[in-house]
Every structure is written in structure tokens, then in C-alpha cells.
Amino acid sequence: MGLTGVPGAGKSTWIEAVGLQLVENGHRLAVLAIDPSSEVSKGSILGDKTRMERLSASENVFIRPSPAGGFLGGIAKHTRETIILCEAARYDFILIETVGVGQSETAVHHLSDFFVLLLLAGAGDELQGIKRGIMEMADAIFITKADGDNLMKAKLARVECARAIHFFPPNVPGWIPPVEICSAISGTGISEFMEVIERYKIFSNANDRYESKRKEQDQYWFRTTALEKIQNNFFAHPILRNELKKLEQQIIEKQISPHAAANSLSQFFIEALNRL
């Protein structure tokens, strides 16, 4: 399961509340928490365990914070490989917590069977959620911190999000993403969360959803990985070394635009390959 939401939405707190319930139900849980990396120092705090004290003490739980390391999409570069290792270690429920930094955290959708979006009522998330494509990918949406003075705001946000869902084309044919409120403090929404997961399991098994989705994900990661390898090899190719330096100098001296230089480099490479 992938889980994303803006900073402050209570992802770690909610994971602990849900995780304790999963462990109580007999599951072995792995939590892969992705921590943002500084653009300046390149470091990460990796402090998610400090917000999951009770959960991290369980012998049936593995929590692994990883730095994003500049990898886009809200996940780390080797999150997919880590998931495979956790499956091999017989963790039957794997939860990926994304960085939580904006509107582009869609890579986790291509890693998970079930994708949950957490929204924070009263923080503009209702409109932002409607704007971004991430809401269209969610299999379930939960409005967090639905307690105290924020309870009424959460209920209103739930109504708005439920209305918005009907304007989007279905991400999964036959499945309408449920919108619920939740609170890790009061325990509101935990039973509803478990119920949604069970309903989605039944739905997916009946429609062969797991198998078809994982095939799509394999194709996605093949193309993504191939593109990364091609890009790295492209810029490291000896044929391009001198031409790349020449074009970069022309850009600095304002003799050519970056766009025109990119076209020129691409054409140069194609012509060089044709001569081989």
C-alpha cells in the first residue's frame, strides 16, 4: 500500500495507528518511509521511527527510513527492490510512506496494489487535491485530524472530495474511491480503513486486478529504468564529450539557446551513430 499526503497531514501518526491494528490482526508489517533530502547538504534526517515509537517496538514490524536522494516521485531510487526483499522476508503487508512534498508523488502508484491519499482539512487541500493528478490515482481518500475543533472542517472536506471524485474518469473501472474521515488520536476511521482494504481485496480478486496491475507496473519500471540507463550512457559516451563541452560554452556565451543546443547535440549523436 502506498500512502501520500502533504507535510503535516499526519502520515506517520496514522501509519502507527493503522500498523498497530494490522499487527493485532496477525499481519507482519514493513514500513518503508521516504525522507526528503536537502538540496544543499544532500542529507536526510531519517527520523520517522521517532514518530512510531510503539509500532517500532513490535517484533512483527520492520521500519526502514530511506533518503529520497533527489529521486522524484516521492519515493527513493531503490524502493521497488526493497519491496521485493520485504516480500521475500514474508512481510505480508508493506506500506510505503512518500516524502509528502507536493503534487508529483505519483511514482508510488506504480509500486503499490492500493494507493491512499491523506488530505488535511482547512489547509486548502480540497482545492489542491482537485487540481492535481494524484487525486485521480488514489484508490481511497482519508481526511486526517478529524477531531476536536477540526471535526466539522473534516466532515465538510469529505463532502467536497466525494463530489469531486465523480468528475474524474475512474482510475479502476468499477471502483469508486471511498472518502472517509480519520483521527489517529481518537481512533476514528481505523475500522473504516480496514473495511476499505478488505473491500478492495475482494474487488481486486474478483476482477483479476492484482495480476493485471503488476504487469502494468513491470512495464512502467522497465521503461523508466531503461530511460535512466540510456540517459546516463548518453552523457558519458566518448563521442559526445567534446561536442557537449563546445555546446555548453556556446550557451554560457549566449551564442545558442539551451533548447537549440539540445537539438544540436541529439542530431550530432544520431549522425555519429549512423557513421559507425
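Let's start at Ser 264, which is partly exposed, with a relative accessible area of 28%; here buried means under 20% relative accessible area, exposed over 50%, and partly exposed in between (1.4 Å probe, protein chains only). Ser 264 sits in helix H10, where helices (H or I, at least four residues) and strands (E, at least two) are DSSP runs, numbered from the N terminus. Not counting residues up to four places away in sequence, Ser 264 touches Glu 243 and Leu 247, a contact being heavy atoms within 4.5 Å. Its C-alpha atom is separated by 9.8 Å from that of Leu 244, 20 residues apart along the chain.

A word on the ground rules. This is a predicted model, in which local features need pLDDT of at least 70 and side-chain atom pairs count only at pLDDT 80 or more, while totals for chains, interfaces and linings use all residues. Residues are numbered from 1 along each chain as its sequence is written, and side-chain values use heavy atoms, with hydrogens and water left out. The chain averages a pLDDT of 83, and 83% of the residues score at least 70; pLDDT is the predictor's confidence in each residue, from 0 to 100. Confidence is lowest in helix H4 (residues 125-131), with a mean of 50, and highest in strand S7 (residues 179-181), at 94.

The 15 residues of H9 should span 21 Å at 1.5 Å a residue, and its end C-alpha atoms are 22 Å apart, which agrees; the expected span is 1.5 Å times one less than the number of residues. Leu 240, Glu 243, Leu 244 and Leu 247 are the buried residues of H9, and they pack against H8 and H10. Glu 243 counts as buried at 11% relative accessibility, yet its side chain meets that of Lys 246 in a salt bridge (3.3 Å, N to O). By a salt bridge we mean a side-chain nitrogen of Lys or Arg within 4 Å of a carboxyl oxygen of Asp or Glu. Both residues lie in H9, three residues apart, about one turn of the helix. Lys 246, for its part, is partly exposed, with a relative accessible area of 42%. Just after H9, Lys 254 takes a positive phi of about 60 degrees.

Now follow the chain back into helix H8 (residues 209-236). H8 has 28 residues and reaches 41 Å from its first C-alpha to its last, close to the 40 Å expected. Its buried residues are Arg 209, Lys 213, Gln 217, Trp 221 and Phe 234, and these pack against helices H3 (79-88), H7 (190-206), H9 (238-252) and H10 (258-275).

What about the other charged pairs? Side chains of opposite charge can pair when their charged atoms come close. A search of the whole structure finds eight salt bridges. One of them joins the side chains of Asp 218 and Arg 80 (2.5 Å, N to O). Asp 218 is in helix H8 and Arg 80 in helix H3, so this pair ties together parts that are 138 residues apart in sequence. Asp 218 counts as partly exposed at 41% relative accessibility, and Arg 80 is partly exposed too, with a relative accessible area of 28%. Another salt bridge brings together Lys 201 and Glu 198 (3.7 Å, N to O); being three residues apart in helix H7, the two are separated by about one helical turn.

In soluble globular proteins, nonpolar side chains tend to be buried together. The largest nonpolar core here has 33 residues, and those with the most contacts inside it are Met 1, Trp 14, Leu 29, Leu 55, Phe 114, Phe 142 and Phe 193. Such a core is a set of buried Ala, Val, Leu, Ile, Met, Phe, Trp, Tyr and Cys residues joined through side-chain atoms within 4.5 Å. Elements giving two or more residues to this core include helix H1 (11-24), strand S2 (29-35) and strand S5 (115-120), but H7 gives the most, with seven residues. Leaving aside its neighbours within four places in sequence, Phe 114 is in contact with residues including Met 1, Val 196, Ile 197 and Lys 213. A second, separate core of 28 residues includes Leu 32, Tyr 91, Leu 111 and Trp 221.
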